[in-house]
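Welcome, and please load the model in your viewer.

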Amino acid sequence: MHGARIFSPNETIVTIDHPNVGYVLERKVFDLRLAELASNAGAEVMVKARVTNVTFSDDGTVNGVVFRHSGREYTCKTKVVIAADGVESQVGRWAGIDTTHQLRDTGVCVQYLISNIDIVPEYYDFYFGSEVAPLGYIWVFPKGNDLANVGVGIRGNISGKGGKLAIDYLNEFVKRKFPEGKILGLVGGAVPVGYGLPRIIADGIMLIGDAAHHSDPTSGGGIANAMYSGKFAAEAAAEGIRIGDVSEKVLNAYPKRWGSEIGKHFGHICRIRDGIFKFANDEMLDNYAEVLSKVPSNQMTLLKILQTILTQQPRLLLELRHLILAGWV
């Protein structure tokens, strides 16, 4: 991908040119490739195996999982359990970790795969506004010249208000923008978009990715952060196994590293995001877009966007300062 287009409520377009900014992944292929790499490295992959509980040693350390496979129940003893089972992790809950997430910090998302649509295949498109996606946004991520993932994410505390669910907002958008489109697939679910869980480890167990609420608080994107948290957790697990101690004290190297390298910025990001949502109504977003649309697309940066917002909401400057000092902006 080579850039993004941001559409304000009245569909004023702000274009950001950024050659080779990223990729749109085919998740089924990507996930299968990760499984293949893990298998080649020595992992045993068990498909259609559903974990139903965890087991404990006499001292309360998690030391295995119970799972169902091919109609039978099995117990697998482990040195460390790493739970990657998504938002409000059941595995973590069975181990005694509170994985509850507030609705206001949860994104309710649904996405279609649509063909036969008119798109710009090199750009991500984002649509904002209270009518299209209150407290969220609609995305169009191209997967070809006339094929794209088209989805919506709204806050959990908005979902259902006025009788409208996330899929209702998506259907209205698709009907208006892509009336000739052909829906080929549908996925949906919840995404954590908050501060991260305060506790993500216990004796013998660690939570990673969405299970640890490590998704990006602004976009809800989870792949990159999940890979970081998986790497940090794996290294902590390896060290614990090496020294023969997988207690919470030893495994704490994982959340400590996560917090120092990535998680410490979540609070500032959340407060900037919530400040923008609180003060920036549709009219203000249109005004921002009108100003930014006059900036050459190859000169558009995140800092330029935030500077424009700060002219209207200077109180957000304190939070922005923390991110600038940290090198995030």
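**First stop: the open sheet**

Select the seven strands that form an open sheet of mixed pairing, ordered S2-S1-S8-S9-S10-S7-S11. Strand S2 (13-17) and strand S11 (182-192) stand at the edges with a single partner strand each, so one side of each has no neighbour in the sheet. Direction ignored, neighbouring strands here are turned by 15° against each other on average.

Before moving on, a few ground rules. This is a predicted model, in which local features need pLDDT of at least 70 and side-chain atom pairs count only at pLDDT 80 or more, while totals for chains, interfaces and linings use all residues. Residues are numbered from 1 along each chain as its sequence is written, and side-chain values use heavy atoms, with hydrogens and water left out. Helices (H or I, at least four residues) and strands (E, at least two) are DSSP runs numbered from the N terminus, and two strands pair if DSSP finds at least two bridges between them.

Now zoom in on strand S1 (residues 3-7), which pairs with S2 in the antiparallel sense over five bridges. Pick Gly-3 and look across to S2, where its bridge partner is Asp-17. Contact means heavy atoms within 4.5 Å.

Which residue forms a salt bridge with Lys-177? Select Glu-11: the closest N and O atoms of the two are 3.3 Å apart. Lys-177 lies in helix H3 and Glu-11 in the loop between S1 and S2, so this pair ties together parts 166 residues apart in sequence. A salt bridge here is a side-chain nitrogen of Lys or Arg within 4 Å of a carboxyl oxygen of Asp or Glu, and a search of the whole structure finds 15 of them.

Switch to a surface view. Lys-177 is partly exposed, with a relative accessible area of 28%, and Glu-11 is partly exposed at 26%. Buried means under 20% relative accessible area, exposed over 50%, and partly exposed in between (1.4 Å probe, protein chains only).

Select strand S4 (residues 62-69) and S5, which run antiparallel and are joined by six bridges. Gly-64 has Lys-77 in S5 as its bridge partner. Two residues lie between the strands of this hairpin, where Ser-70 takes a positive phi near 55°. Is S5 (residues 72-77) largely in the open or buried? None of its six residues is buried, so S5 lies largely in the open.

**Last stop: two crossing helices**

Show helix H4 (residues 223-243) and helix H6 (residues 253-261), whose axes come within 8 Å and cross at roughly 140°. Residues that meet here include Tyr-228 and Phe-232 in H4, and Tyr-254 and Trp-258 in H6. By class, the contact has seven nonpolar, two polar and four charged residues.

Finish with Glu-290 and Lys-294, a salt bridge whose closest N and O atoms are 2.6 Å apart.

Note on methods
Axes are lines fitted to C-alpha atoms, for helices over the stretch in contact, and angles run from 0 to 180 degrees between N-to-C directions. Ala, Val, Leu, Ile, Met, Phe, Trp, Tyr, Cys and Pro count as nonpolar, Asp, Glu, Lys and Arg as charged, and the others, Gly among them, as polar.
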